[in-house]
Amino acid sequence: MMRKLLLIIIDGVPYRNWRRLFGNLEGWVQQGEARVWRMRSVLPSTSASCYASIHTGVPPQVHGIWGNSNVRKLDLPDIFSELARAGRRTGAVTHSFWSEFFQRAPFDTVRDIEYDEETGPIHHGRFHTMAGYGHDNQMTPSDHDLFATLTRLCEVKGIDYGIYHSCTLDSMGHRYFHDCAQMDHACYLLDEQMAPFIHRWRNAGYEVIVTADHGQDDRGHHGGAGDLQQDFAFYYFGDSAMPARDTVLDQLALAPSILTRMGVPVPATMKAAPFFTP
Ligand SMILES: [Zn+2]
């Protein structure tokens with residue numbers, strides 16, 4: 001069966017915020033249309049290190065992305081490379097780091113801000129750099145616009161696999177921390193903006209994962225160890241058999257799980273056991 005799947009990465013949302021503030025996602029769980037687990041990030045729980053591990057299934061101690069300041073093209077099989085090799089169509093609507101890791105580096109803004117390339121492994125890329133990002137000006141595009149862009153790749157380009165990634169809530173958490181009205185509203189708003197798109201993607205036949213790259217602690221920090229910095233929710237809209245609900249899923253198992261679910265061989269570098277069934 002030729003399954004289609006979308007991986008939605010909302011950067012920097014700790015487990016407690018997912019389960020408390022995302023009413024549409026929780027409503028789908030309550031109605032039985034989605035299921036939710038806790039997932040734990042690799043260490044360091046730093047964004048770039050996590051992105052590289054999410055898509056290659058190997059830990060930072062193997063891929064060598066020690067933090068956000070040494071982004072480069074990775075020389076490892078990943079979800080894009082294996083799907084493209086199997087003839088499946090891929091798309092990405094993400095921060096430019098993902099293009100640098102998996103397509104080419106360095107990121108040339110005019111050349112790489114959007115591309116449609118038959119050679120892949122990312123066939124249809126739509127990126128943003130957040131150039132000028134700082135504490136008071138987070139330079140993130142509207143998630144509404146980014147969700148629409150991913151939907152265009154689904155409906156116009158016919159992608160089989162697409163990844164979405166946005167730093168809106170990570171930036172809000174760094175700026176305002178988590179016990180405040182600004183953060184309540186930011187999560188509430190993103191949940192409302194995302195819901196109609198999830199509905200549309202499901203109607204188009206995609207399985208959908210909504211999750212994060214890492215959490216954040218009370219001071220908006222991450223990079224280190226512990227539940228707040230490492231743990232986030234993993235919502236799954238799909239029919240695969242899954243581990244018990246109290247299992248803490250391993251971030252390193254995400255890449256081999258997606259390949260397994262999409263019927264593509266898992267490369268030997270991905271050593272974690274998949275939690276999805278074919
Ligand atoms: Zn992050």
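The charged side chains of this predicted model comprise 25 positive and 32 negative groups, and the centres of the two sets lie 5 Å apart. In this count Lys and Arg are taken as positive and Asp and Glu as negative, with His and the chain ends not counted, and the place of a charge is taken as NZ of Lys, CZ of Arg, CG of Asp or CD of Glu. Residues are numbered from 1 along each chain as its sequence is written, and side-chain values use heavy atoms, with hydrogens and water left out. Because the model is predicted, local features need pLDDT of at least 70 and side-chain atom pairs count only at pLDDT 80 or more, whereas totals for chains, interfaces and linings use all residues.

The protein contains 12 helices and nine strands, the elements being DSSP runs numbered from the N terminus (helices, H or I, at least four residues; strands, E, at least two). Its radius of gyration is 17 Å, close to the 19 Å that the globule rule gives for 278 residues, so the protein is as compact as a globular protein of that length; the radius is taken over C-alpha atoms, and the rule is 2.2 Å times the number of residues to the power 0.38. The C-alpha trace spans about 45 × 40 × 35 Å along its principal axes. Of the 278 residues, 59% count as buried, where buried means under 20% relative accessible area, exposed over 50% and partly exposed in between (1.4 Å probe, protein chains only). Among contacts (heavy atoms within 4.5 Å) between residues at least 6 apart in sequence, 70% join residues at least 24 apart.

The zinc ion has as its protein donors D11 (OD), D11 (OD), S47 (OG), D213 (OD) and H214 (NE2), which lie 1.9 to 2.7 Å from the ion. Donors are N, O and S atoms within 2.8 Å of the metal (3.2 Å for Na, K and Ca), and since water is not among the atoms, sites may look incomplete. The spacing of the donor residues in sequence is D-x35-S-x165-D-H. S47 lies in helix α3 (residues 47-56) and D213 in the loop between β7 (206-211) and α11 (227-230), so this pair ties together parts that are 166 residues apart in sequence. Both S47 and D213 are buried.

Helix α3, to which S47 belongs, is mostly covered, with 10 of its 10 residues buried. The elements that cover these buried residues include β1 (4-10), α4 (60-63), α5 (79-85), α6 (96-102), β6 (161-166) and α12 (254-261). The helix is followed by G57, whose phi is positive, near 75°.

G215, in the loop between β7 and α11, counts as buried at 0% relative accessibility. The C-alpha atoms of G215 and P14 are separated by 3.7 Å, although the two residues are 201 residues apart along the chain. With neighbours within four places in sequence left aside, the contacts of G215 are G12, V13, P14, H222, L228, Q229, Q230, D231 and F232. Q251, placed in the loop between β9 (248-250) and α12, is likewise buried, with a relative accessible area of 0%. Residues up to four places away in sequence not being counted, Q251 touches M39, R40, S41, V42, C50, I54, A212, D213 and F232; among these, C50 and I54 are buried residues of α3, and D213 is one of the zinc donors.

Backbone geometry was also considered. Most residues other than glycine have a negative phi, and most peptide bonds are trans. A cis peptide bond joins L43 and P44, with omega about 0°, and P44 is placed in the loop between β2 (35-40) and α3. Another cis peptide bond, with omega about 0°, joins A105 and P106, the latter lying in the loop between α6 and α7 (109-112). M130 has a positive phi, near 55°, and is found in the loop between β5 (124-128) and α8 (143-155); M139, whose phi is positive and near 55°, also lies in the loop between β5 and α8. M130 is buried, with a relative accessible area of 11%, whereas M139 counts as partly exposed at 39% relative accessibility.
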